[in-house]
Amino acid sequence: MNGLFITFEGPEGSGKTSVINGIKAYFEDNAIDFIATREPGGIRIAEDIRSIILNKDNVEMDAHAEALLFAASRSQHFYEKVKPAMEQNKVILCDRFIDSSLAYQGHARGLGIDNVYEINKFGIGNIMPDLTIFIDVPPAVGLERVFNNIRKIDRLDLENLEFHELVYEGYMEVEKRFPDRFVKVNGEQTIEQVTKDTIDIIKTYLK
């Protein structure tokens, strides 16, 4: 399978979406064949699942069900959209992927990173990203951005700071497990600088 599969991770409010938009503009200007997508979502079935997962009214959702819903959404999205793009030798820019589940459900929810990894490996055929960009901001900074109306608030945003600090810890554990593909970018810089730093990293992979 060819193509270049790039995923973007970070705490809530890290600025991933803005960075991806900047990369899209760069790719368009340089005639790089790509698709941009997101998780959960990206295709109709996965977007339907997304609406259930992130609905602020679904406060009774169990952590196991949450992890399985993310995995189901990811599986459909991967086989319907990501895998075909890889086979067409495109660059895939994906806002969140398996590492989110490892950090959020595996570590912060206490289900175990290994357990969540196994159900997701089944769902995506054990295909992992070529490069993961982690937009690194302290959880408190990210949450402040969210609640200053950067975007619509969802169910996960409403978790307390302790939960989001556990998520961050989970990402640091993911970095230890996958050091060859996990690259941090300082997300406390201007969005223009974060985007430039990220593009510079991606260029080395495009070569």
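The legends below describe close-up views of a predicted model. In this model, local features need pLDDT of at least 70 and side-chain atom pairs count only at pLDDT 80 or more, while totals for chains, interfaces and linings use all residues. Residues are numbered from 1 along each chain as its sequence is written, and side-chain values use heavy atoms, with hydrogens and water left out.

**View 1. The buried face of helix H2 (residues 44-54).** Ala46, Ile49, Arg50, Ile53 and Leu54 are buried (under 20% relative accessible area, 1.4 Å probe, protein chains only). Seen down the axis of H2, these residues fall within an arc of 120 degrees, so they line one face of the helix; the arc is taken from the directions from the helix axis to the C-beta atoms. Helices are DSSP runs of H or I of at least four residues and strands are runs of E of at least two, numbered from the N terminus.

**View 2. The aromatic pair of Tyr117 and Phe178.** Rings of Phe, Tyr and Trp (its six-membered ring) pair if their centres lie within 6.5 Å; planes under 30 degrees apart count as stacked, over 60 as edge-to-face and the rest as tilted. This pair is edge-to-face, at 5.8 Å centre to centre and 65 degrees between the planes. Tyr117 lies in helix H5 and Phe178 in the loop between helix H7 and strand E5, 61 residues apart. Both Tyr117 and Phe178 are buried.

**View 3. The aromatic pair of Phe134 and Tyr171.** The rings are tilted, with 4.9 Å centre to centre and 50 degrees between the planes. Phe134 belongs to strand E4 and Tyr171 to helix H7. Both residues are buried.

Technical notes. Buried means under 20% relative accessible area, exposed over 50%, partly exposed in between (1.4 Å probe, protein chains only).
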